[in-house]
Amino acid sequence: MSARGSGATRQRARRLVLLVSFLLFPVTIFYFSPVLIIEGALSGAVVASALVFATQFFMSLVLRRAFCGWLCAAGGLQELGATAVGKPAKLGWRTRIKYVIWVPWLCSIIACAWVAGGFTMVEPLAGIPGGVSMNSPLGLPIYFGIVALFFIPNLFLGRRAMCHCICWMAPFMVLGGKLGRALHLPQLHIEPEADRCIGCGKCEKACPMSLPVEALLREGAIVDAECIQCAACADACPKDVLKLRMGGTR
């Protein structure tokens, strides 16, 4: 199979996994809840979302934001939306909004745990009776509200705009990726052969995160905090300039 053919197969597999993840969202949505973790902290309990966020952080030491590119249900929803309106998202200062949201939220978790005397128990299914998120009609407004939050703004702001702007999970992985790089751990990343680039722009068009791939590849490795290691840029490159690698970054 040619490199282009294997790349197309990889992207089909990636999108299929994202689609399945989104279809399972009614079951899994509370496992990513920013509210349940606060409620758990108030009672000193480590709930499912706390375990998920911690897992994302530690995985990102090596995998960086691969979860966003390969497994995230909200990411899959946004890529479905991009098939209808695929314009690039505007980045710049908008990528900092999620930290303005994340820092007070994280501080509130710490404060609630402190009031409760610390985390004293582990209750993964707290707030998730039976382990299924949408187990009653009362959960439907929450589900459709989050779906609308991650879908509708992208129609106006560009593909995966909510990943850039509001995702409360992204900072865990961004910080984990930065720590892993500081510790010189081998990391999943896109590695280019910049001298072979012909400047066709196909990589930037394919990037679901709207990154300036051609500019980034000239820096030796694409280690931008918004890169989700999806390899869409590599699989769109006609000259096989970009490759998804595990190892040290320059």
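Tyrosine 143 is buried, with a relative accessible area of 11%; buried here means under 20% relative accessible area, exposed means over 50%, and partly exposed lies in between, with a 1.4 Å probe and protein chains only. The model is predicted, so local features need pLDDT of at least 70 and side-chain atom pairs pLDDT 80 or more, whereas totals for chains, interfaces and linings use all residues. Residues are numbered from 1 along each chain as its sequence is written, and side-chain values use heavy atoms, leaving out hydrogens and water.

Nine aromatic pairs are found in a search of the whole structure. Rings of Phe, Tyr and Trp (its six-membered ring) pair if their centres lie within 6.5 Å, and the planes count as stacked under 30 degrees, edge-to-face over 60 and tilted otherwise. One of the pairs joins tyrosine 143 to phenylalanine 25; it is edge-to-face, with 6.1 Å from centre to centre and 65° between the planes. Because phenylalanine 25 lies in helix H2 (residues 25-28) and tyrosine 143 in helix H8 (residues 140-157), this pair ties together parts that are 118 residues apart in sequence. Helices (H or I, at least four residues) and strands (E, at least two) are DSSP runs, numbered from the N terminus. Phenylalanine 25 is also buried, at 7% relative accessible area.

Phenylalanine 150 belongs to helix H8, while tryptophan 168 sits in the loop between helix H9 (161-165) and helix H10 (170-182), 18 residues apart. Phenylalanine 150 is buried at 3% relative accessible area, and tryptophan 168 counts as buried at 15%. Elsewhere, Phe53, Trp102, Trp105 and Phe172 form one aromatic cluster.

Helix H2 also holds proline 26. Is this residue buried or partly exposed? At 26% relative accessibility, proline 26 counts as partly exposed. Apart from its neighbours within four places in sequence, proline 26 is in contact (heavy atoms within 4.5 Å) with Ser133, Met134 and Tyr143.

Helix H6 (residues 73-82) is mostly covered, with eight of its 10 residues buried. Among them are Ala73, Leu77 and Glu79.

The pockets bring several of these elements together. On a 1 Å grid over the protein atoms alone, a pocket is an open set of points with protein on both sides within 12 Å along at least five of seven lines, and lining residues have an atom within 4 Å of a point. A volume is the space filled by probe spheres set on the points, which are joined across faces, edges and corners. The largest pocket has a volume of about 420 Å³. Its lining has 18 residues, of which Arg14, Arg15, Glu79, Ala82 and Thr83 lie nearest the centre. Helix H1 (3-23), H6 and helix H11 (202-206) each give two or more residues to this lining, and the largest share, five residues, comes from H6.

The second largest pocket has a volume of about 260 Å³. Ile29, Phe32, Ser33, Pro34 and Ile146 are the closest to its centre among 18 lining residues. Two or more residues each come from helix H3 (34-42), H6 and H8. H3 gives the largest share of this lining, four residues.

Terms used
On a 1 Å grid over the protein atoms alone, a cavity is a set of points where a 1.4 Å probe fits but cannot get out, and a pocket is an open set with protein on both sides within 12 Å along at least five of seven lines; lining residues have an atom within 4 Å of a point.
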